[in-house]
Structures are given as structure tokens and as C-alpha cells.
Amino acid sequence: MKPLKTYTVVPRLPAELEPLRRVVYDLHWAWNHAAIGLFRRLDGDLWEATGHNPVLMLGSITQDKLDAAAADPAFLTHLERVVDEFETYRSSRSTWFERTHGADSGLRVAYFSLEFGITECLSIFAGGLGILAGDHLKSASDLGVPLTGVGLLYQEGYFRQQLNEAGWQKETYEPNDFHNLPVELVTDVSGSPLSVSVPFPGRDVTALIWKAQVGRVELYLLDTNHEGNTPDDRRITDQLYGGSRETRMKQELLLGVGGFRALEELGIEPTVYHMNEGHSAFLVLEWIARLMASNGLTFAEAKEAASGLVFTTHTPVPAGHDYFPPDLVTRYLGRYAEMYQMSPHEFVGLGRRNPGDSLEEFCNTILALDTAAFSNGVSKLHGVVSRNMWTELWPQHPVEEIPITSITNGVHAKSWVSQEMKDLYDRYLGPQWREEPADAAVWKRVRDIPPAELWRTRERRRERLVAFARRRLARQLAMRGAPQAEVEMADVVLDPHALTVGFARRFATYKRADLVLQDTQRLLALMQNTERPVQFIFAGKAHPADDGGKRLIQKLIDLTRNPEIWRHLVFIADYDMSVARALVQGADVWLNTPVRPLEASGTSGMKAAVNGVLNLSTLDGWWDEAYEDGVGWAIGRRETHPDPAQRDRFEAHALYDLLERDVAPLFYDRGVDGLPRGWLATMQKALSKLNSQFNTHRMVREYTEKYYLPAGTRQLIMGAEGAARARDLAGWKERVRSAWPQIRVMDVDAEPQPEIVVRDDMAVRAQVHLAGMAPDQVTVELYQGTVDADGNIVAGRTQVMEPVESTGDNHWFETKTVSFGTSGKHGFTVRVLPDHPDLVNAHRMGLIRWG
């Protein structure tokens, strides 16, 4: 039955509690322990029952409790302190960005992501990508970076996980009530909802705009579930990662084009658009079309004018990227082909490795890589993997010079650290750990923390984790109809004093949750060791379509029914941010076992590290660059195994050896005072070495200084005076591409020496035919290095050759200081690259000519 009229009903707060209304709608509370403590103080049971949602909590609490709080001086003092903190935070102009780059930098970043994990009650995220995006916004807020987030507001969000009696994962979707979430509908001056319209085949789809306030940062979210759309279109924002490829096309069109238009409707004019994964790449098409219309530009000119683009890829395997069939692309995006004056075939070529291959599907990542001024992976190893993955886009270019760099992910420390560890840091590190978590000098002070205090903190967190795991296990057993006796047995699982290993992440097969289960007898020996017992807590969801991941969960559930194992191994169902916090704050060891190099970064181990939890991981993602002796343990080294089964056996054996010989002995080796001194020393070294580097403050500062500021400056320059420099650059590129087939290295002249002594200089000259181009329009380089068994130069380094004389189109270039730093077989060649002052990178055009 449809209502005749609808109303938004808000809670009735006593005047003394009215400031609470402002607090609950500013998601700064999600990383403010005092605010969370205030909500617990108001009604701890209701805080838990509402899924840590203060908006719903205020709408559900009894009036008697509100009145009691309004008459409680201690509560009002607590509230005043929280409100003062919030107001000071929001009004402060002494942020890192303003101190370093000034308030008038002109920078305005729009950060697009298909998911954002800010807090568990705002269920618009699935996993690591969304959590990373949420932490990115939080650090941008703390640092004062002028950034706005753009995403989608899902009616059902990501699924809730349930396990049936057979241990098989089932997915349920619970609708979000937006009016009971910490988001607000954006309205115009008359109070009417603000909306944007996006062209779809045969109709327009409109989306309402909601705002989540994330500290100093606004996050705008689009919602198609309203009466102005057809029933099918209302479901576009139903589920994150749900439905067919056409559903994904609709969502990404809404995110990219709708998000671009929403910012325009809000009066926000970004100088930089950051695409967090390729899901939002369609914003590029809209921006180019707008620039063509507003400045009278050709497609090529507008593409150069749209120069403030940053792209981050998180995917280490080709199959993980978005691909769309050509007919789907032309059906939904064909209007852009018309605006660009392209044929459908040419348009789809914008997203193909080989633009001429009519059978190849359209890939958003390729569109983003082709148009972004800066592209990056999310760890050093992932940068290497990404460059190798996309070599076809830059043929003949050395893989190490392909224009995809890396900025390693981090975590927002204040969002993940426990109250107890926070208090310890406040006491011994001072407030700088919160304000400047990327300052290595601050983290060196962890050596000042008395070992006894550090150990008591860790023991309390482990006890809390065990209590949490027991409650959750009892609840999930009751939900699946287990006998009461089995439910009651949940109260005796796990030992609050035993070495506890945590594993929590998406259950994808390459993450190998079952690696530690390979040898049941060795696993049992670890668990049943009377002097050094080891216990395990697992959590995680498999993608709804990933039966392999679901089988891993089922395997774990089967093991928990083994009478010799059930007390030592627990699987916590319905993994979310609250489960993640309990685990990363309470475990002793964080286990991570991905197949190298399939983990782009991984951040759960970073969250554990900020809590003093030691990492035990394969050398993949962030751990490949973080690991050093004495900060944790590495499973294997960097071996490659052609046989996956052999690899798994080898690494499982290495894992058992580490647990038996290194990890457990170090944990249980106690002094006369009962303290594990060796373990605590390892904790302190890990805290000191890891936490200053693997946090999102460092990460966002890197994005700002390496990408945002240069891209923003470039955007202002290229767009000035009717995009004059963009026009010039596009014309220059067209001339270069026309001439390039005729450019060649005609001759190379080097001193004839059969042997060269290490570090002796020699001169090299090269004659290059430039086909009408001037010498200052190219860079001629000598490329030298050692020669391998196949006759190829490896680990090449370059040296610019200077023009010295010309005869018509033939030009001589020279360098006089070629030397070789080591003995052995070396060689060199000569290459030509295009050169222009407005090129971001000489390799981006994909043109290179070798001698």
C-alpha cells in the first residue's frame, strides 16, 4: 500500500542534548574515541543493537533515557568536550596542507570511487577498495587537503553473510533506510531535492544527491531509487557489485557521468579528478565532451585540455578489470561517439589494447591509462606487476619506463587503533602520533613505553577478542538452528591466554585461507601443545559468485566440528568493520597467505601493525617492501613455483616451521617477571619501523605532492585562454605522429675499442633522420647496460645526447662521457623519444625509435 504523503520524522532531543544532532551527522565521530564513548554512555546496548549507528540510535532511544542524560552533569560535560573537539577540528586553519601549500593553492580534488568504507553502519562498501577509499577521505580531512568524494548510495549495499548447517555461505540483503543513516539529502534553496540527469538508451535517469560529512570533507552519493525513474532504473543503485555486466555498465555510467554532473550542479569545479579504479572512467568522456562544447575544441584538443586526471589501479590480474562488449558500449555511450565525430568502431577503440580489433572488448582501465596524467599501482610490487600487465599499450618501451608508478597504500591509524593502545600512545608518544602519524621520529618513542604496560595492553585486547568471538559464535550458531547445548559450548572456545593468530579478509582462492590447514596433524600439534598452544580466528566473505571461496569457508566450518579442533579454531561469520577492528586489535599474529604477486597491497596487516600485532605473511603486496628482520616473519622468500600444488606444499611447510620454531617459542619465552621480552622487543621494533610509513597520512601527502598539485597546475595552464596550450599540444602531437614512421637512427659512431676499462669515458655520436622535425622536438638518448645470455640489455640506464651538427633532416647527436661501472659484457644502443615542454612523460605517447 502506497502512502498518500510521506514525512521525515526526527528525534525529539532535550535542548541540552541538541548539539548531539550535529555530532551524529559528522562522520568525524567514526575516528573519535571520545564521541564513540559518548554514544556508548548514552545507551551501550542500543549502540550495539543499531550496528553502531548514532542516527538510528537517537531515533530509537527512549525519551526517559534522553531526559536522564540531559539531567546528568557528567554526560553533559562529556558532550561539551566532544562538541568542542568537533568544532575546533572543523574550524582549524592550521592543517598540513595550508601550512605547506597555502590556502589559495587553487587545488580542488574530486575523488571518485564505486565504494567507500567510512564506518560499518554506512554499508556502501564490500572490502579493501572501499575501506581504502574511506581512509583516504579521513586522512584528506585531517590533512586539510581540498578534496570532495563522489560515489553511489546503495539501497541494499553489500550482502550479509549467513552459513547454513552444511557451512555453505548464503547471502541476504538488508535495505538501507537513508533517513536513519548519517547522510543528508541535498536540497536547493527552496528545499526541493537536488538531482542530476544522465542520458541512458531511450530515456534519462535521474539521481538524487545525498551528502555524508566526513570531517572537513564532503562525500556526495547518488541514488536512483525515487519515483521519477522507471522500476528498473530505480534498482540501478540497489546492490554493490550485484547483477549483470549491463547493471555494472549502468552503475559506472551513473558514477562517472552522473558524479561529474552532480559536482557541476553543486557548484564545485575540480581541477583534478582522481579515479579510484576504472569504475569511474566514464567521467573522462563527459569532461572531454564538455570541453569540446565550451571551447570549440576537437576531440584531440579536448583530450589534452582534460589534463587533471589521476588514475589508481588496484587490480593485479587482467581478469579483474572491467570489460564491456562493443554493442553494450555503443548502446550506452554512443552519444559520445557522435559528439566526438567518431565511428562506433573508433570510439570503442578508446578502450582497447588494439584499437583496430573489432572483436576486443572495451576496458575502462585502458581508457583511464590513456587519458590520466598520472597512473599508479598501490604498492611497489604492484607497480611492477601493473607495468608488465600493460606493456601492449607501450610496445618497445622498457617495462620499467612504462608510465605507471606506485604509491603504497596505508591505513587511517585513528580509525583502527584500540582505545587502550591509543591511551598508551597518548601517554608516551604525545599527540603527535595522531596529528603527524607519518613522522618517523614520533614512532621511535615507542621504546619509551614500559614493556609491562605494553604487555598488559596486549593481554587485555586478546581477552576482549576472545569474549567477542564467543558472543558472535553463539549468535551465529543460534541463527542457523544449532542445538542449545552446542550454542552454550561457544562460551568455552578459545583461551584468553593462548597465542592467537588472526586471519580476516575476502575469501578469494588466491588468498589461500586454507594454507595453514594443509597438514591437519601439524596443525593439531600446534593447537594441542600444552606448553605453547596456538589458536586461530578466521573471518571473511566470499564473493556471491565465487564458489571456490565458499568452499574454503565450508572447509573451515568442517574443521571446527572436529572434536580435537573446535576449541582452538573459530570462524566469525558476517565479516564487517566491527569484526575487523576486534581482530586487528586483539590478535597476537596477523596471518596473510596470498599467492605472490596477486595481492596488490593488502591493508589488514597495516591495521594490525598499528595495534602492535605482528605480521606473518608471504612476501606480497605491502609486506614485500615492509618486511625486514625483526619486525615480523616472511613465509618463503620470493621463489617462483611453476606447479601451484608444489608451491602450496612448500609454503605450508614453511608456515608450520615458523609457527613451531620461531613464533610460538618467542611468544611463550617468559622472564622471571612473566614478560615475553623478546616478543615485546619485536613489537616495539615493528611499531617503530612500520607505522610511520604504512598510514594514509603519508599516502595522501604523496598523492597530493606527486600527483594532485602537478595535475592541478597542469590543468589550469592547459585550460587557460580558451585551452590555447592544449590546442598547440594536440597539433604538435598530430605532426609528430605523422612524421614518426620516417624517423630513424641512421648511424652510430663509437670509439673502436675491443676492451674498455671500468669507469673510463668514451664518446658516442649518432646520426638521426628527423623527417622535418627540429632537434629540440625529440630527445635522443644512449641506452646502456649489461647484456644477458639472450643478447638483451638489462637494467638499462639512459644518457641524453646533445645535438652537435645538422645536414638537412639528418642531425648528429653526441655524448662524450659514456662509462661502464662494472666489468663484464656491456652494450648500448640509441633511441629517440618525442619531447615537448607540456608532455607529462616522454613515454606516454607510446612513440619510440631504436637504433
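This is a predicted model: local features need pLDDT of at least 70, side-chain atom pairs count only at pLDDT 80 or more; totals for chains, interfaces and linings use all residues.
Visitor: Which element gives the largest share of the lining of the second largest pocket?

Guide: A pocket here is an open set of points on a 1 Å grid over the protein atoms alone, with protein on both sides within 12 Å along at least five of seven lines, and lining residues have an atom within 4 Å of a point. The second largest pocket is lined by 37 residues, with K303, D370, R737, R844 and M845 nearest its centre. The elements giving two or more residues to this lining are α11 (299–305), α14 (364–371) and α29 (696–739), where helices are DSSP runs (H or I, at least four residues) and strands are runs of E (at least two), numbered from the N terminus. The largest share, 6 residues, comes from α29.

Visitor: How many charged residues are in the lining of the largest cavity?

Guide: A cavity is a set of grid points where a 1.4 Å probe fits but cannot get out, and the whole structure holds 1 cavity of 30 Å³ or more. Residues lining the largest cavity include W443, M606, W622 and F694. With Ala, Val, Leu, Ile, Met, Phe, Trp, Tyr, Cys and Pro taken as nonpolar, Asp, Glu, Lys and Arg as charged, and the others, Gly among them, as polar, the lining divides into 9 nonpolar, 2 polar and no charged.

Visitor: Which residues have the most contacts inside the largest nonpolar core?

Guide: A nonpolar core is a set of buried Ala, Val, Leu, Ile, Met, Phe, Trp, Tyr and Cys residues joined through side-chain atoms within 4.5 Å, and buried means under 20% relative accessible area, found with a 1.4 Å probe on protein chains only. In soluble globular proteins, nonpolar side chains tend to be buried together. The largest core has 173 residues, and those with the most contacts inside it are Y340, F347 and Y708.

Visitor: What is the relative accessible area of A723?

Guide: Most residues other than glycine have a negative phi. A723, which lies in helix α29, has a phi near 60°, a positive value in a residue other than glycine. A723 counts as buried, because its relative accessible area is 1%.

Visitor: In which loop is the place of D574?

Guide: Phi of D574 is near 60°, a positive value in a residue other than glycine. D574 counts as buried because its relative accessibility is 8%. The place of D574 is in the loop between β17 (569–572) and α24 (577–586).

Visitor: What is the omega of the peptide bond from R596 to P597?

Guide: Most peptide bonds are trans. P597 lies in the loop between β18 (589–592) and α25 (604–609), and the bond from R596 to P597 is cis, with omega near 5°.

Visitor: Which residues does S692 touch, not counting residues up to four places away in sequence?

Guide: S692 sits in the loop between α28 and α29 and counts as buried, because its relative accessibility is 9%. With contact meaning heavy atoms within 4.5 Å, S692 touches P437, A438, D439, A440, W443 and R698.

Key. Residues are numbered from 1 along each chain as its sequence is written. Side-chain values use heavy atoms; hydrogens and water are left out. Grid points are joined across faces, edges and corners, and a volume is the space filled by probe spheres set on the points. Buried means under 20% relative accessible area, exposed over 50%, partly exposed in between (1.4 Å probe, protein chains only).
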